[in-house]
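Subject: Structure for your review

Dear colleague,

Please find below the structure that I am handing over to you.

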Amino acid sequence: KPDLNHLKFQYSADEQLIEKLKTFEKQMIDRSYKFGLLYVREGQTDEIEMFGNCNPSNDFEEFLEWLGEKITLKGWTDFRGGLDVKNDTTGQHSIFTKFADFNVMFHVSTLLPFNEQDKQQLERKRHIGNDIIVLIYLDGPTVVFDPTVVCSHYNHVFVVIRKQPKINEANLNEITKYSISIASKHGVRPFAPFLPYPAIISKTLQSRDWFFVKLINYERGAVYAKDFVTKVSRTRSTLMRDIISKINKK
């Protein structure tokens, strides 16, 4: 329990105080999220190869359809997640969805602009490198991912996805399944819902709900890691001081 003995309490006759405190708490809860999505082919081991991928497989396109809607960025009026919606400088399309009352925009590596003259693909890294959560899609049965090859101080959680082989490829009714593993930086603790055992989910609406809750909860928790907690505390303190100053003036 917090030690309150050294604090001085003051009565407030402000009838709007409770509403102001409710607004304060709502401001601390994000309703819009952006997640990175990096496509990795078989045999690729460094980020230059990964960020340089174009023309992904049908399996990856199937995964994108499960995540959300492929939207046209120019003229887009909903949450844009830092993408250009006027001049196509960040690509022409992206993946967006509304989950519950949350907006989610994905920064998909293969949909962001590719520059043949830029070996490092800095335009792609500029967006994905500034996402707290990054999905890693492994397109192949033996491809592996080492989180240390992605150079970003901002990325804190990597969610690694791989499509599982079907028992009978000729059976069109067999549900697609994905294996999932998670790697996070020090200071980011695990958050529910936890991975099942074995860590394989089916491509169903129920699993999709589970997946998005997992992503959102992990990002909410990651902002309290040491790299972000100072900024969060500073924002809360500034907003609370503003409320207190307005009350004292009355």
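Strand S1 (residues 32–41) runs parallel to strand S4 (residues 102–108), and six bridges join the two. Please note that this is a predicted model. Within this pairing, glycine 36 has histidine 107 of S4 as its bridge partner.

Leaving aside residues up to four places away in sequence, histidine 107 is in contact with Lys34, Phe35, Gly36, Leu37, Gly81, Leu83, Leu112, His127, Ile128 and Asp131.

The sheet and its helices

S1 and S4 belong to an open sheet of eight strands, whose order is S2-S3-S4-S1-S5-S6-S7-S8 and whose pairing is mixed. At its edges are strand S2 (69–72) and strand S8 (200–202), each of which pairs on one side only. On average, and with direction ignored, neighbouring strands in this sheet are turned by 30° against each other.

Two helices may be described together with the sheet. Helix H3 (residues 58–67) lies across S1, strand S3 (93–99), S4, strand S5 (133–139), strand S6 (157–163), strand S7 (177–184) and S8, and it runs at about 145° to S5. Helix H5 (residues 205–222) also packs on the sheet, where it touches S1, S3, S4, S5, S6, S7 and S8. The direction of H5 makes about 110° with that of S1.

Salt bridges

How many salt bridges does the model contain? The count comes to nine. In general terms, side chains of opposite charge can pair when their charged atoms come close. Three of these pairs are set out here.

The side chains of glutamate 62 and lysine 163 form a salt bridge, with 3.3 Å from N to O. Glutamate 62 is part of helix H3 and lysine 163 is part of strand S6, so this pair ties together parts that lie 101 residues apart in sequence. Glutamate 62 is buried, its relative accessible area being 18%. Glutamate 62 and lysine 163 also belong to a network of salt bridges that links them with Asp59 and Lys203.

A further salt bridge joins the side chains of aspartate 88 and lysine 74, at 3.7 Å from N to O. Aspartate 88 and lysine 74 are both placed in the loop between S2 and S3, so the pair ties together parts that are 14 residues apart in sequence. Aspartate 88 has a relative accessible area of 25% and is partly exposed.

Glutamate 123 and arginine 126 provide another example, with their side chains meeting at 2.8 Å, N to O. Both residues lie in helix H4 (residues 122–128), three residues apart, which is about one turn of the helix. Glutamate 123 is partly exposed at a relative accessible area of 25%, and arginine 126 is likewise partly exposed, at 45%.

Leu4, Leu7 and Phe9 make up a nonpolar surface patch of about 330 Å². Leucine 4 is located in the segment before helix H1 (17–27), and its relative accessibility of 43% places leucine 4 among the partly exposed residues.

Leucine 17 is found in helix H1. The C-alpha atom of leucine 17 is separated by 8.4 Å from that of isoleucine 243, although the two residues are 226 residues apart along the chain.

The chain as a whole

The secondary structure consists of six helices and eight strands. Along the sequence these follow the pattern α-β-α-α-β-β-β-α-β-β-β-β-α-α. The C-alpha trace spans about 70 × 45 × 30 Å along its principal axes.

Of the 250 residues in the chain, 40% are buried. Among contacts with a separation of 6 or more, 64% are between residues 24 or more positions apart. The chain exposes about 15100 Å², of which carbon and sulfur atoms supply 53%.

With kind regards

Definitions and conventions. Residues numbered from 1 in each chain as written. Predicted model: local features only at pLDDT ≥ 70, side-chain atom pairs only at ≥ 80, totals over all residues. Heavy atoms only, no water. Pairing = 2+ DSSP bridges. Helix = DSSP H or I, 4+ residues; strand = E, 2+ residues; numbered from the N terminus. Axes fitted to C-alpha atoms, helices over the stretch in contact; angles between N-to-C directions. Contact = heavy atoms within 4.5 Å. Patch = residues over 30% accessible without salt bridge, like charges linked within 9 Å, V, L, I, M, F, W, Y side chains within 5 Å. Areas by Shrake-Rupley, 256 points an atom, 1.4 Å probe, with all protein chains shown as cover. Salt bridge = Lys/Arg side-chain N within 4 Å of Asp/Glu carboxyl O. Buried < 20%, exposed > 50% of the residue type's maximum accessible area, 1.4 Å probe, protein only.
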